[in-house]
Amino acid sequence: MSRKVLILNVTRMGDLIQTGPLIARLRYEWPGVEVDLVVDRQFEPVARLLDGVRHAHAYDFSRLGHECRVMSRDVVELYRQVKAWAAPLLDERYDRLVNLTFTRRSGLLASYLQIPDVRGVVSAPDGSTSIRNPWLAYFTDLHHYRRFNRFNLVDLYALGGSGVGPHAPLSLAITKEARDWADECLGAGRPPHGWLAIQIGASEVIKAWRPAYFGQVMADLSRRTPIGFVLIGTESERPMVREALMVYRQAGGTAPVREMVNRTTLTQLGALLARARLLLTNDTGPMHMAVAVGTTVIDLSVGHVDFRETGPYGRGHWVVQPDLDCAPCGFDRICGHHACKDRIEVRQVADLCAHLLGCGPAPTSTTGIKLFESDVDGDGLVHYRQRGGCEDALQEWYGRWWRSYWFAEFTGRPLDRDVVIGEAPDRDIQADIFAQLDPLLRALRAHVSHLDRLARRMPIPARELQDVHRSLTGAQREITRLTEGSPAFAPLTVALRRELACDEAMSIAAMAQARGRAFRRWSERVQRVSACIGASGHEPRPGMSSRAATLCRD
């Protein structure tokens, strides 16, 4: 009897396309597996284009979310409707659920379906959310230390939903009918160097390069090479497209333009992108669609977009990132200047486009930008090779180091490549931090052992448990203070906070044991990390704070 897996992904089109490698990995893990999807109704046509999907269960989750937010209808009744819709899924008896939608509502649905192996967000018995599977939990943690993350979202999906396996590219099966439509749409007068597709807008303004710059790139290219342009986007992006076209014409652009904004179905959009030689784009769903139909992508990574998380997946795609200390900015930041958009020069983008179209050399000027090319390593994971600009040495060292550390931590095996040799560049600084953590580690071990003993006693010694809990809470505050901003220890503390918050235990004894396990795991990781980066055994400087030791003695 074949296995059955249900994947829950109801967010954006790009996220849905990026589940393709997970499906391939599941088929590698369980040959003959039957994979179903739960998707938002608006993206059901895309789900049908994914290889290996048996059935797509569609619901209007966008409407559900909107009506819950504005409370236009009774929320209890809305959830009853979802329950009635999902009831037939109970009869499927799935072996695994992979929840790639990190919301409370998706967690409730995941719990309702009663599938034995759930990976991702699930609703805890007390109504809070918990995250099962270390890779998917890491995905929620990495936003606190993005500059050190080196895992693409697609690889996190595949590793978390299945496990280690061969690389599989993004892939969409475009129908012959859609391809014929695209041929007719583009017409018989194909420019000698083909079509360049351009996505000028984005789901958020902060993620989009300035429309005028797109128009200037088009004008520059039209003077260099006989090429045509296909402009795509949604109706809300039409004003940006109009601005780009106005600038293009004012700059003397003469190449043919097919303006296809809001004139395609999702399937037809895929067919258009498949006919293009190149897509110049912001970080958008169409970017992932272009990758999935085999079209080379240039990704302009501005705003809070981090290409290492959501950049083009696979080999041979290019990323242009502004070289600014604040790039990419955090999701919790409000930018008042958008300087990253002006850091990328029109000439640099036009040179890169011309090079990839075979009409010129690689860009020679990378002032103000970093240039990357996507590739796949020996473990089947995507990474980005730097082709221009300068990377911060500390950020690069810890990025490679954490990539190796987490892979080994979660899989039990080393990476095939990217092994970091030598001590951390800031070894002495991290050694000072570890020297302050060391007495805290020793005291934590004693507290956790005491907690384990108390949790096994009957009746539960509530007062003693409260005392230990207060000590551990104080220790957690001190841990956060000492490790905040540390590239060597902050990621471990982020994981600790999440583990303490995502506790599914219901009894006092179970909660105490779960808390003890979280602190024990953090302590063991700190010891290993400090040894690996060369921070252990370093003598602290005179006058170093003894606050941690004092706290633990209390």
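Reader: Which residue in S12 does Asp 299 stand opposite?
Author: Val 319. This is a predicted model, and Asp 299 and Val 319 face each other there.

Reader: How many bridges join S11 to S12, and which way do the two run?
Author: Three bridges. The strands run parallel. S12 covers residues 318-322.

Reader: And S10, how does that pair with S11?
Author: In the parallel sense, over five bridges. S10 spans residues 278-282. Asn 282 has Leu 300 of S11 as its bridge partner.

Reader: What does the chain pass through from S10 to S11?
Author: Helix H13, residues 285-292. That makes a β-α-β crossover, and it is right-handed.

Reader: Why call S11 largely enclosed?
Author: Because four of its five residues, in the run 296-300, are buried. The rest of the structure encloses the strand.

Reader: Switching to packing. Which residues touch the most other members of the largest nonpolar core?
Author: Ile 7 and Leu 172. That core has 112 residues.

Reader: Which helix gives the largest share of this core?
Author: H18, residues 427-455. It supplies eleven residues.

Reader: New topic, Arg 258. Where does that lie?
Author: In strand S9, residues 257-259.

Reader: What does Arg 258 touch, not counting residues up to four places away?
Author: Cys 185, Leu 186 and Trp 195. Also Phe 229, Val 230 and Leu 231.

Reader: How far apart are Arg 258 and Cys 185?
Author: 73 residues in sequence. In space, 8.6 Å from C-alpha to C-alpha.

Reader: Last one, confidence. What pLDDT does the protein average?
Author: 89. At least 70 is reached by 94% of the residues.

Reader: Where is the pLDDT below 50?
Author: Over residues 538-554. That stretch has 27 contacts in the model beyond near neighbours in sequence.

Conventions:
Residues are numbered from 1 along each chain as its sequence is written. This is a predicted model: local features need pLDDT of at least 70, side-chain atom pairs count only at pLDDT 80 or more; totals for chains, interfaces and linings use all residues. Side-chain values use heavy atoms; hydrogens and water are left out. A nonpolar core is a set of buried Ala, Val, Leu, Ile, Met, Phe, Trp, Tyr and Cys residues joined through side-chain atoms within 4.5 Å. Buried means under 20% relative accessible area, exposed over 50%, partly exposed in between (1.4 Å probe, protein chains only). Two strands pair if DSSP finds at least two bridges between them. A crossover is right-handed if, with the strands pointing away from the viewer, the path from the first strand over the helix to the second runs clockwise. pLDDT is the predictor's confidence in each residue, from 0 to 100. Contact means heavy atoms within 4.5 Å.
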